[in-house]
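Please examine the model shown below. The discussion takes up a pair of helices and then a pocket.

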Amino acid sequence: ISKLFDNILASAKSPAFLHGSAIITELIRNISSEIFDFGTSLDDAPAILKVLAKKMGRLNEFLLVKPDTPLNTTFGVLKPPFGMHRMKVLEIIGMSLHSRYFCIYNSFMETPLLNTLVDLFFEYHWNNFLHAIVNRVLTLILETNNSDLCLKMVVRTQLHTKLAECGLDDINSFNNDGYQRRGYMGFVTSLTSALEETAGVNEDLANILGESEEWQEFLSGSYADSQEIESKPLGGVAGAESSDDDEEEDQLLTYQQIVKRDFENEFPKNFSVGDFEDPDIDSLLHPLPGTLYEGIICQEQDFGNEFESDDEDTEDESS
């Protein structure tokens, strides 16, 4: 395994790394657990994690290697772009923490990787692949419920301050005219919720967050607005009246409810003319007991004369 790592991590932009990183990721996936393992030391951990712990610094170096060629995107030119090789590094890091061996978390925290990941998260506003992996890494650290580890992460990265700055930035406001909230704002909201949840069981972290004026302003402002929007039913509430005076005051119904209502109202209980609620026709086709069927009286002039002409032609032919 050591030789495999040496060959794959020889160069950040080499084909060996771009393709060989998938082997490392899959090897880690095979030893991953659904629950945290706090008892196994690094010496007793699977061989892949032992070697990986020694290579964490090398992975950080790879993250600092930037692609040379600018990349045109719908939001402008990325110079430099994030690059495929750095995405491969992220996958290895994300999977290593997904293994849930606590010993690898300690090795991870001994390197500059944590700060590098957070800086990249906020540098690339629209790379949701990057945001998703970094969000998962930070969330996994918080999910350990290890007080020292969580506190060290927040203090070292000043994550709460950076989240608050993003939330308070005018471009990420719900009230700005352009409304171009950056692509990481959904993950900012998710991380904020995770920090608040952890602070509920971590007194030291709660004190740090409580002393930050920016954090408190963010919670009561942009974050609260996001929570209010996300708590509303998608598409609105059926039957609710609009608050806009210019709109009609009729109750709003979803498309499915309209179709269901019309179907139930129009579908006949039995297939008779009486279901169409025409009492004249219904009395003719369903006469009361003791009455005879009289037919339908037609008021149209000369109605039926055409049949008489057919009878006359028949008499002439027979004669």
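How do the axes of helix 9 (residues 147-157) and helix 12 (residues 203-211) cross, and within what distance do they come? This is a predicted model, in which local features need pLDDT of at least 70, side-chain atom pairs count only at pLDDT 80 or more, and totals for chains, interfaces and linings use all residues. Residues are numbered from 1 along each chain as its sequence is written, and side-chain values use heavy atoms, with hydrogens and water left out.

The two axes come within 9 Å and cross at roughly 25°; axes are lines fitted to C-alpha atoms, for helices over the stretch in contact, with angles running from 0 to 180 degrees between N-to-C directions. Helix 9 and helix 12 are therefore roughly parallel (angles under 35 degrees). Their contact (heavy atoms within 4.5 Å) joins L151, V154 and V155 of helix 9 to D204, L205 and I208 of helix 12. By class, these residues are five nonpolar, no polar and one charged.

The largest pocket holds about 420 Å³ of space. On a 1 Å grid over the protein atoms alone, a pocket is an open set of points where a 1.4 Å probe fits, with protein on both sides within 12 Å along at least five of seven lines, and lining residues have an atom within 4 Å of a point; a volume is the space filled by probe spheres set on the points. Of the 18 lining residues, T73, L78, Y124, W126 and N127 are the closest to the centre of this pocket. Strand 2 contributes the largest share of the lining, three residues (strands are DSSP runs of E, at least two residues, and helices runs of H or I, at least four, numbered from the N terminus).

Key: Parallel < 35°, antiparallel > 145°, perpendicular 65-115°, else oblique. Nonpolar A, V, L, I, M, F, W, Y, C, P; charged D, E, K, R; others polar.
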